[in-house]
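Work through the exercises below with the sequence and coordinates open. Try each task before reading its solution.

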Amino acid sequence: SQPWVWYAPTLPPYPGKEERWMLEQWIAAGIAIAGIDVGESYGSPAGRKLFTALHAEMSKTRGYSPRPVLLGRSRGGLMTLAWAAAHPEKVAAWAGIYPVCNLASYPGVAKAANAYAMTAEQLQVRLTEHNPIDRLAPLAAARVPLFALHGDSDKVVPLEANSGLLQQRYTALGGTMELIVPAGQGHSLWSGFFECAELVAFVKTHARR
């Protein structure tokens with residue numbers, strides 16, 4: 001079946017023109033790109049439901065691989081990782097570019113609560129049910145490989161509370177994760193985030209499995 005990369009967030013500005021080189025490398029290798037606009041859903045059940053519908057459309061109706069590589073940029077990391085944690089058997093691999101992995105870090109419980117149809121207090125009580133950083137065990141058990149690019153000067157999505165914590169917890173669970181930390185880089189359009197040979201190779205390797 002046709003391999004593909006599942007990109008998020010597919011909001012109006014994304015994928016951005018800065019990602020063109022990266023996406024073209026995969027298309028040239030016979031790997032398709034797809035995504036769905038789920039709005040500012042922050043990995044909520046409503047957003048995950050639409051992700052599940054896209055997966056069914058791609059794999060059952062259109063004949064694409066039932067195990068894509070998920071790629072999340074910034075808050076797209078929260079969307080893809082939340083879905084992956086609930087469906088590890090449908091994920092070949094997961095990758096992120098300065099990805100949000102921790103709902104408490106970004107956008108924060110108060111801002112995310114509406115997307116979860118809860119008050120901030122209700123979401124706080126049930127945070128571990130929904131926060132992908134707390135739901136990694138199924139992915140580790142399924143041996144899903146992870147990869148992230150995350151600058152050490154990111155103030156919007158701090159490395160330590162997101163990709164750094166993800167690697168720490170995932171490896172503790174027996175999972176494998178490669179983390180590249182560009183020194184002095186923040187949440188920016190630095191070309192190194194989007195023209196990374198290691199990321200391109202990671203996706204090519206796992207999309208075909």
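**Exercise 1. Three glycines**

Task: find which residues G39 touches, leaving out residues up to four places away in sequence.

Solution. G39 touches L11 and M79; contact means heavy atoms within 4.5 Å. The model is predicted, so local features need pLDDT of at least 70 and side-chain atom pairs count only at pLDDT 80 or more, while totals for chains, interfaces and linings use all residues. Residues are numbered from 1 along each chain as its sequence is written, and side-chain values use heavy atoms, with hydrogens and water left out.

G39 is in the loop between β2 and α2. Helices (H or I, at least four residues) and strands (E, at least two) are DSSP runs, numbered from the N terminus. G39 has a relative accessible area of 24%, so it is partly exposed. The classes are buried under 20% relative accessible area, exposed over 50%, and partly exposed in between (1.4 Å probe, protein chains only).

Task: is G47 buried or exposed?

Solution. Start with the location: G47 is in helix α2. Its relative accessibility is 6%, so G47 counts as buried. Leaving out residues up to four places away in sequence, G47 touches V38 and S41. Then take a distance along the chain. G47 and Q122 are 75 residues apart, and 18 Å separates their C-alpha atoms.

Task: where is G72, and which residues does G72 touch?

Solution. G72 is in strand β3, residues 69-73. Its relative accessible area is 0%, so G72 is buried. Skip residues up to four places away in sequence; the contacts of G72 are then A8, G77, T80, A95, G96, I97 and P99. For the distance, take A104, 32 residues from G72 along the chain: the C-alpha atoms are separated by 17 Å.

**Exercise 2. The sheet**

Task: give the order of the strands in the open sheet.

Solution. Six strands form the sheet, in the order β2-β1-β3-β4-β5-β6. The pairing is parallel. Two strands pair if DSSP finds at least two bridges between them. Now look at the edges. β2 (32-34) and β6 (177-180) each have a single partner strand, so one side of each is left without a neighbour in the sheet. The twist averages 15° from one strand to the next.

Take one pair in detail. Strand β1 (residues 4-8) and β2 pair in the parallel sense over three bridges. V5 stands opposite I33 in β2.

α2 lies across β1 and β2, and runs at about 160° to β1. Angles run from 0 to 180 degrees between N-to-C directions, with axes fitted to C-alpha atoms, for helices over the stretch in contact. α3 packs on the sheet and touches β1, β3 and β4 (93-97). The direction of α3 makes about 150° with that of β3.

**Exercise 3. Two packed helices**

Task: what is the angle between helix α2 and helix α3, and how far apart are their axes?

Solution. Two packed helices are described by the angle between their axes and the distance between the axes. For α2 (residues 45-61) and α3 (residues 75-86), the angle is about 70° and the axes are 10 Å apart. That makes α2 roughly perpendicular to α3; the class covers 65 to 115 degrees.

List the contact residues next. R48, F51, T52 and H55 in α2 meet M79, T80, A82 and W83 in α3. They divide into four nonpolar, three polar and one charged.

**Exercise 4. Aromatic pairs**

Task: how many aromatic pairs does the structure hold?

Solution. There are eight. Rings of Phe, Tyr and Trp (its six-membered ring) pair if their centres lie within 6.5 Å; planes under 30 degrees apart count as stacked, over 60 as edge-to-face and the rest as tilted.

Apply this to Y98 and F193. Their ring centres are 4.9 Å apart and their planes stand at 85°, so the pair is edge-to-face. The pair links distant parts of the chain, 95 residues apart: Y98 is in the loop between β4 and α4 (109-112), F193 in the loop between β6 and α9 (197-207). Both Y98 and F193 are buried.

Finish with the cluster: W4, W6, F51 and W83 form one aromatic cluster.

Conventions: Parallel < 35°, antiparallel > 145°, perpendicular 65-115°, else oblique. Nonpolar A, V, L, I, M, F, W, Y, C, P; charged D, E, K, R; others polar.
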